[in-house]
Amino acid sequence: MPLPFLTADRARDDDAAAGADPLGYENPDRWRRPYRPGPWRVGGAALLLLLASYVLFSAMIIAMAGSLPAAGGCVGVAALMIVTAVRLVRSGVVVSTQGLRRIGLLRSTTVRWQDIAAIHTAQQPVRWLGLPRTVQGQALLLQPVRGGAPDLLITSHDADFLGQAESFNRAADAIEGWAAAHR
């Protein structure tokens, strides 16, 4: 007995059966991520949210003990942890008809399609989960029109694609497809 309501790919399976666009975007003007957040990214955010719940629980205990300034400090730390977890899940590459946006933990940059000379995959040393350690892997590089060094978009060893080479290839193809269609 199939249980389609339990699968995360239900909408994509229904679209594939209907012969729809594999990206399934009804409104191309909206900013959207052409890939799903990876398990390392989601797991890190889940751990931050778990720690934030413990900090909020300790804030409640401290408030009941009568120290409201200390409880307020705990609530502030928990709010910072929650904002960091949300920002961690949102970080990545999103695309629309206006251009390509790289969302990081602290800042976001947008590049118009007209300002992109090429987007291509290259074999090179990449950071493992964003840490200083480098390993040999694949990287999706953005070559700007103005010249200079190419910008790194995603890698095969970041929090979205570590251990999922096929997902990296699909995401790289989707981003390259958006660039080819809108440049």
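Tutor: The largest nonpolar core comprises 19 residues, and those with the most contacts inside it are L100, W113, I119, L153, I154 and I175. A nonpolar core is a set of buried Ala, Val, Leu, Ile, Met, Phe, Trp, Tyr and Cys residues joined through side-chain atoms within 4.5 Å; buried means under 20% relative accessible area, exposed over 50%, and partly exposed in between (1.4 Å probe, protein chains only). At least two residues of this core come from each of β1 (92-95), β4 (116-127), β5 (134-144), β6 and α4 (165-182), and α4 gives the most, with 6 residues. Helices (H or I, at least four residues) and strands (E, at least two) are DSSP runs, numbered from the N terminus.

The model is predicted: local features need pLDDT of at least 70, side-chain atom pairs count only at pLDDT 80 or more, and totals for chains, interfaces and linings use all residues. Residues are numbered from 1 along each chain as its sequence is written, and side-chain values use heavy atoms, with hydrogens and water left out.

Leaving aside neighbours within four places in sequence, I119 is in contact (heavy atoms within 4.5 Å) with L100, W113, L140, L141, L142, L153, I175, E176 and A179. A second, separate core of 6 residues includes A59, C74, A78 and M81.

T155 lies in strand β6 (residues 151-155) and counts as buried, at 6% relative accessibility. Not counting residues up to four places away in sequence, T155 touches V126, R127, Q138, A139, F161 and F168.
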